[in-house]
Amino acid sequence: MKKVLSLIVAGLMLALPLLIFSSCGKISEGGDGTGSGTSGKNGTIAVIQFGSHASLNNCYDGIIKGLEENGIDLDSYKVEHVNSNFDAAASQSQANSFVNSRADVIIAIATPSAVAAANAAAGDIPVVYCAVTDSSVMTQFENVTGSTDIPNFSSQLKVVTKLMGKRDLKIGVLSSTEESSSPIQVESLKKAAEKYDGMEILDSVVSDINTIDARVNSLIDAGAECFINLLDNTIVGKLETNILPITNEKKIPVFGSEIEQVKVGCAASASIEYIDVGRAAGKAAAGILNGKKTSEIPVAVITDPTVCYNSSVCNTLGLLVPPDFEGDDVSK
């Protein structure tokens with residue numbers, strides 16, 4: 001009996017290493033630390049969106065189109081899409097998480113998220129930025145590329161003066177401290193306004209979103225006859241809830257920085273199509289997933305404007321749309 005027990009114990013001792021080895025193999029199967037092979041997927045595509053408003057939502061939709069149009073089967077990847085709700089600290093935390101989980105590429109929508117992603121990646125993981133107006137802020141980082149949106153304020157002012165029926169306007173502009181590109185945009189707008197005698201740009205910087213209402217009223221008290229939106233995500237994110245209710249009550253037009261803003265209540269815009277901005281970023285990310293280095297993918301510059309207006313809003317605000325006005329009516 002003792003001899004039989006000894007044989008059984010010996011057999012178990014020989015089998016144990018094999019069981020352990022087999023078990024370890026199953027746990028790590030396909031997992032190489034890069035995010036590839038998990039759950040039967042080729043890898044992980046991480047997307048950090050700074051916040052939700054129509055322009056940034058269109059960027060995300062464009063990214064998906066750009067990936068698919070350039071050979072990426074999204075069913076073969078784990079796509080992780082997170083929203084920072086206009087909180088730069090949240091973007092940083094999300095970026096750190098994606099770096100720790102070894103995402104194959106991080107796509108960041110808007111400047112605060114892009115800077116957070118590039119900081120976290122530290123050149124180790126490729127970062128594709130989307131809708132970063134001042135792309136120079138990204139040149140300090142390695143292993144990054146993406147798409148930049150540059151507003152055409154000359155075209156925007158042509159639309160504004162045409163619909164307002166005058167050139168010597170006082171125009172209100174809000175910007176936030178969250179957007180590093182906003183000061184450059186304000187200066188570009190002021191430069192474009194120099195071509196119009198008597199035009200004045202009244203700008204106000206918001207460091208606390210809870211003060212947006214007060215800043216809008218302050219600019220109106222200072223004589224603002226209309227407002228122009230910058231490509232400032234924090235301000236645009238408060239367009240429907242904080243800005244338009246005040247300006248509509250006082251019959252003061254707001255000119256949007258994107259077509260979706262015109263659809264929801266701005267008078268008109270000469271602006272970029274953000275589906276195209278996103279599509280360019282998606283194309284860049286697809287190139288990386290297909291084996292290209294970021295250094296081989298030039299930054300895509302999207303700047304050509306599309307003119308649109310909302311005839312219903314214009315009628316409500318008393319704006320006359322001239323017969324020769326060239327643009328698409330996007331009123332519902």
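Lys 78 is partly exposed, at 40% relative accessible area; here buried means under 20%, exposed over 50%, and partly exposed in between, using a 1.4 Å probe and protein chains only. Its side chain meets that of Glu 80 in a salt bridge, 3.2 Å from N to O. A salt bridge here is a side-chain nitrogen of Lys or Arg within 4 Å of a carboxyl oxygen of Asp or Glu. Glu 80 is partly exposed too, with 26% relative accessibility.

A word on the model: it is predicted, so local features need pLDDT of at least 70 and side-chain atom pairs count only at pLDDT 80 or more, while totals for chains, interfaces and linings use all residues. Residues are numbered from 1 along each chain as its sequence is written, and side-chain values use heavy atoms, leaving out hydrogens and water.

**Salt bridges**

The structure holds 9 salt bridges. Three of them look like this:

| Pair | N to O distance |
|---|---|
| Lys 78 and Glu 80 | 3.2 Å |
| Asp 124 and Arg 102 | 2.6 Å |
| Asp 324 and Lys 162 | 3.2 Å |

Asp 124 sits in the loop between helix 4 (111–121) and strand 4, and Arg 102 in the loop between helix 3 (88–100) and strand 3, so this pair ties together parts that are 22 residues apart in sequence. Helices (H or I, at least four residues) and strands (E, at least two) are DSSP runs, numbered from the N terminus. Asp 124 is partly exposed at 47% relative accessibility, and Arg 102 is partly exposed at 29%. Glu 69, Asp 276 and Arg 279 are linked in a network of salt bridges.

Strand 3 is mostly covered, with 5 of its 5 residues buried. Val 105, Ile 107 and Ile 109 are on one side, Ile 106 and Ala 108 on the other. Strand 3 is joined in parallel to strand 1 by 5 bridges and pairs with strand 4, again in the parallel sense, over 4 bridges; pairing takes at least two DSSP bridges between two strands. Ala 108 is the bridge partner of Ile 48, while Ile 107 has Val 128 in strand 4 as its partner.

Ile 109 is also in the largest nonpolar core, which has 32 residues. Such a core is a set of buried Ala, Val, Leu, Ile, Met, Phe, Trp, Tyr and Cys residues joined through side-chain atoms within 4.5 Å. Which element gives the largest share of this core? Helix 11 does, with 9 residues. Leaving aside neighbours within four places in sequence, Ile 109 is in contact (heavy atoms within 4.5 Å) with residues including Val 47, Phe 50, Leu 56 and Cys 130. Apart from this core lies another, of 29 residues, with Val 186 and Phe 325 among them.

**Met 138**

Not counting residues up to four places away in sequence, Met 138 touches Ala 114, Val 115, Ala 118, Tyr 129, Val 132 and Val 144.
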